[in-house]
Amino acid sequence: MTARAQTGAPPARSSFALLRHARYVIGENPVTGIAFAIFVLLVVAALLGPLVTPYDPLASDTSATLRAPSAKHWFGTDQLGRDIFSRVVAATRLDLGIAIFSVALVFALGGLSGIAAGFFGGWVDRVVCRIADTIMAFPLFVLAMGIVAALGNTVTNIVIATAIINFPLYARVARAEANVRREAGFVMAARLCGNGELRILLTQILPNIMPIMMVQMSLTMGYAILNAAGLSFIGLGVRPPTPEWGIMVAEGAAFIVSGEWWIAFFPGLALMLAVFCFNLLGDGLRDIVDPQRRT
Amino acid sequence: MDAAVGIPLLEIRDLTIEFATRRGKVRAVEHVDVSVAKGETLGIVGESGSGKSVTSYAVMRILDRAGRIAEGSIAFSGIDVKAAAESDMRDLRGREISMIFQNPRAALNPIRKVGRQIEDVLLRHVQAAPRDAKAKAIEILKQVRIARPEERYHAYPFELSGGMCQRIVIALALACRPQLLIADEPTTGLDVTTQKAVMDLVVELTHARAMSTILITHDLGLAAAYCDRVVVMERGRVVETAPSSVIFTAPSHPYTRKLMRATPRPGVSLRDLLPDSEATPPPAPAAAADTAPLLVVENLVKEYPRQGTRKSLFKRKAAAEGPFRAVDGIGFEVGRGESVGLVGESGCGKSTTSMMVMRLTDPTSGTIRFAGEDIGTIAARRFATLPQRRRIQMVFQDPTDSLNPRFTALRAIADPILRLGDIRGGAALRARCEELARLVGLPLDLLDRFPHQLSGGQKARVGIARAIALNPELVILDEPTAALDVSVQAVVLNLLQDLKARLGMSYLFVSHDLYVVRMLCDRVIVMRQGKIVEEGPTEQVMNAPAADYTRELLSAIPHPPV
């Protein structure tokens, strides 16, 4: 399409400017820099995962069970003698994967229906808002448990459940943002240029809402990881012996009383760092994408 | 300088204000000297970015965090404002110096009754005791000529008109009988007749109290009509200071002369607004077209449901008065190659009319015939994708708001061509956009920029290029220069006239400013409350207005004494 060919050239320049701007924001606020560093670390662990771990995360070693952290086993070993460091690193891919897919799904469902609701109003608005209200009427974690229990105990269903409970958050933010832009001059100008309503929604409104949605996505990413781990912790979703932070914390919890704190502590720490990273990233992303900060 | 009696009330010496930004320190104001004598009205005139507002913020010491006074001194009746403690400044603000801002509605607390807001100020500065505060507040409302003050005491800002809100703000500013009033563009966004009423009130009240006033404005006419002395600022520097009678008859600085020239006033043509060096002879008008009118509007009506008549659970008011008629049975014609001005104050229905002609809003009844075809019956929602769309285009009021912040200038101009035009392929499209850019005088290297990287005038040019991209026959100009500085306005108006002559388009020019309309239009339609009160050739309407309302509009526009 010619439209795409036309827009192709300028973004190259603007993404360079964005990079420079990002460097400025990180320089202003080192916490954002730390968050980005953790993010890069997480992504590397998720991509390379099992390739870089010193031990096989699933291999048990009965001769070395419940060892405290040492030079040989950095994070110690669990009750079956599995290396916890290897398991924590290997779990990154699964946990991050669940979070990314559920956030992508909820953005497609909630974000787009919210924008449509805000832009078209009328019955579309009423339907989307009532769906969101219905979901909000339940305690969200209990709803997620119910969905996974009903649909079956698989990773796909965790992704779906996480997406559904985040639906209202996305639908409402997108609706509010689309609503204020509905009567904007550039939307009217687009109508004069012969754009149909659906095209205005996708080419005029959506790109302007993307920055806000990106921040929203970063913030819910942390929540999605926590939610997936929480479901695994209570025995839904991922099953042992698959390395997953939630299960590992659940398994290790029993050993804390007897003094083997490291089994639950390190996966918990990884979980905390991941959530912490995505929440901080949200703040930084807002600063980077907010044009008012770009003077 | 006029004879200053004793010590001036406010003395600004060698003031330099710096703002810390990404690209290092930026000086918004450099070495400015201003003094205001007791009882004097001083005008600070300049275009956007001239530092006029920043100077006044420094006087109140309400610069935002990035800004600071780098050099110089500000003395207010002997107090050093730069060194004063924050607690002293708090007492000074409101009691000794007060300020009126541009947008009166934003300056008022939306969820507090206006009477209570006046009381708040009185109580804060110990001007009233709790028991007599209400009586004093009503007394003040009476002084700013608010009709039925006892009733309006209980009104919320949203229940009052813009002019009325500005009166409340003036009431707030004057409640503690300050010695200095700073009015920062107090009438921008108000209608001319309201502007006159508000300014007359400010002058009367401040004179009665022997107060000093600083009037910050971009409007030379306003400054001339109401100020004793005028300071002209350009890019953070004072270029000229003189009594207002002198500055308009014998401006000494070239910048003042340029500003003077660019201000629309009686008896000048569009070319006169431009500096001599930029004024090229206008192109010969396109050949006289055929006589059938391009646009015929008959008996056009737009009704909106009245507030509170909608069915609601708690209130079920009977719709006794019927729906509100924003446009009430108007009819007019626009010939080919003609430009017609549609003039009126806010709420007169001129924008609604233009939206209906534009086919962005559906009329309640009436016909809109465009080139012989009744387009009024086609639903607005469907019209966007029809081939007729390319024949009627529009230039919007706010150049910033009407450009998608995520589209480059090139993409914005190309949009109508992509949707409705017949040029395909990247290279041909770019060539056409460059041709349009040259036509509207937009430098080609700006085509790849985003709106926030362009100035107001450049954005206006992008908007115009987009509107003429499809060679429309009718272009509706909705106050296309209202958001621009006078010198930019002069250039844009000339551009519009040249384009019309070159491309043979018809214009429907919607505006509140009769002087601007006068220069660009062949005929004028004056609207009031949804009806046409006067219609005729521009010269006739301007020189011998038949309707009282037109006369009132004309007399309300302040203009420099030329």
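A polar contact is a pair of N or O atoms within 3.5 Å; within protein, one of the two must be able to donate a hydrogen and the other to accept it. By this rule, seven residue pairs are in polar contact across the interface of chain B and chain A, with both residues at pLDDT 80 or more. The structure described here is a predicted model.

The side of chain B that touches chain A draws two or more residues from each of strand S16 (392-395), helix H14 (409-420) and helix H15 (426-440) of chain B. Of the elements of chain B, H14(B) gives the largest share of this side, seven residues. By residue class, the side of chain B that touches chain A holds 15 nonpolar, seven polar and 14 charged residues.

One salt bridge is counted between chain B and chain A. The salt bridge joins the side chains of Arg381(B) and Glu197(A), with an N to O distance of 3.6 Å.

The extent of the interface can be stated in residues and in area. In residues, 36 of chain B are in contact with 31 of chain A. In area, about 3,000 Å² is buried between chain B and chain A, and 59% of this lies on carbon and sulfur atoms. On the side of chain B, the residues that lose the most area to chain A are Arg22(B), Arg406(B) and Arg419(B), which together account for 23% of what that side buries.

The two chains were also described one by one. Chain A contains 10 helices and zero strands. Taken along the principal axes, the C-alpha atoms of chain A fill a box of roughly 75 × 45 × 35 Å.

Chain B contains 20 helices and 20 strands. Its radius of gyration is 26 Å, close to the 24 Å given by the globule rule for 562 residues, so chain B is as compact as a globular protein of that length. The C-alpha trace of chain B spans about 70 × 60 × 50 Å along its principal axes.

Chain B is assigned three stretches of domain structure: domain 1 (1-85 + 189-262), domain 2 (97-139 + 147-177) and domain 3 (295-307 + 323-556). Between the C-alpha centres of domain 1 and domain 2 of chain B the distance is 26 Å. The contact of these two domains involves 15 residues from domain 1 of chain B and 11 residues from domain 2 of chain B.

Domain 1 and domain 2 of chain B bury about 1,200 Å² between them, with 84% of that area on carbon and sulfur atoms. One residue pair is in polar contact across the interface of domain 1 and domain 2 of chain B, both residues being at pLDDT 80 or more.

At least two residues each come from helix H1 (52-60) and helix H8 (192-208) of chain B on the side of domain 1 that touches domain 2. The largest share of this side of domain 1, six residues, is supplied by H8(B). The side of domain 1 of chain B that touches domain 2 of chain B is made up of 12 nonpolar residues, two polar residues and one charged residue.

Methods: Residues numbered from 1 in each chain as written. Chains lettered and ligands numbered in written order. Heavy atoms only, no water. Contact = heavy atoms within 4.5 Å. Buried area = accessible area lost by both parts, 1.4 Å probe. Salt bridge = Lys/Arg side-chain N within 4 Å of Asp/Glu carboxyl O. Polar contact = N/O pair within 3.5 Å; in protein donor to acceptor, adjacent residues only side chain to side chain. Helix = DSSP H or I, 4+ residues; strand = E, 2+ residues; numbered from the N terminus. Nonpolar A, V, L, I, M, F, W, Y, C, P; charged D, E, K, R; others polar. Domains from an automatic or database assignment. Rg over C-alpha atoms; globule rule 2.2 N^0.38 Å.
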